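This briefing goes through one protein chain, topic by topic. Please keep the sequence and the 3D view open while reading.

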Amino acid sequence: MPGDLQALGRAVKQAQYRHHRALDNRLATVGTTLAQWDALRAIDRNPGSTARALAEETFQSEQAFGTLANRLVTRGLIERTPGRGRAIEHRLTVAGEQALRAGHRVANEVLTESFAALSAGERATLLDLLQRIGTHG
């Protein structure tokens, strides 16, 4: 049993690694990286959020997200404005929305290719199972 669990954990990690590499390579063709596109997605889902909330949403430290956000500001993809208290709020610019849409197209292509071997029902089951274990712990 423990060996099976380790094999399962490795298979999940291997799929994630393959997705990340493919996404990073293909997102470069539209002028972004996986980390930048993921940050744009998080800001789009949570406009006005703080760096702390967005760092958590993108699985980064606050410092790493702050560095990334600075690059996105420099590229004109997001804007940061004063919020409540000392908080800084983040929002997409028009250019950021365009980069996000381009990233969505690329991600849809990559993930369609990656999951092509699974039927729609198998994909739904896999999603359900991963969401179930993602909520424990």
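Predicted model: local features only at pLDDT ≥ 70, side-chain atom pairs only at ≥ 80, totals over all residues.

**The strand pair and what surrounds it**

Threonine 81 stands across from glutamate 89, a residue of β2.

**Hairpin**

- Strand β1 covers residues 78–82, and strand β2 covers residues 88–92.
- The two strands pair over five bridges, and the sense of the pairing is antiparallel.
- Together β1 and β2 make a hairpin, with five residues between them.
- In the turn, glycine 85 has a positive phi of about 65 degrees.

**Whole chain**

- The chain has six helices and two strands.
- Read from the N terminus on, the order of the elements is α-α-α-α-β-β-α-α.
- Taken along the principal axes, the C-alpha atoms fill a box of roughly 50 × 35 × 25 Å.

**Contact of α2 with α4**

- The axes of α2 and helix α4 (residues 62–74) come within 10 Å and cross at roughly 90 degrees.
- An angle of 65 to 115 degrees counts as roughly perpendicular, and therefore α2 is roughly perpendicular to α4.
- On the α2 side, the residues in the contact are Ala35, Gln36, Ala39, Leu40 and Ile43.
- They meet Phe65, Leu68 and Leu72 in α4.
- Sorted by class, this contact has seven nonpolar residues, one polar residue and no charged residues.

**Largest pocket**

- The largest pocket holds about 1600 Å³ of space.
- Its lining is made up of 34 residues.
- Those that lie nearest the centre of the pocket are Gln16, His19, His20, Phe115 and Leu130.
- Two or more lining residues come from each of α1 (2–27), α2 (34–45), α5 (94–114) and α6 (120–134).
- Which element gives the most to the lining of the largest pocket? It is α1, with nine residues.
- By class, the lining has 18 nonpolar, 10 polar and six charged residues.

Notes:
Residues numbered from 1 in each chain as written. Heavy atoms only, no water. 1 Å grid on protein atoms, 1.4 Å probe; cavity = no way out; pocket = protein on both sides within 12 Å on 5 of 7 lines; lining within 4 Å. Points joined across faces, edges and corners; volume = space filled by probe spheres on them. Helix = DSSP H or I, 4+ residues; strand = E, 2+ residues; numbered from the N terminus. Nonpolar A, V, L, I, M, F, W, Y, C, P; charged D, E, K, R; others polar. Pairing = 2+ DSSP bridges. Axes fitted to C-alpha atoms, helices over the stretch in contact; angles between N-to-C directions. Parallel < 35°, antiparallel > 145°, perpendicular 65-115°, else oblique. Contact = heavy atoms within 4.5 Å.
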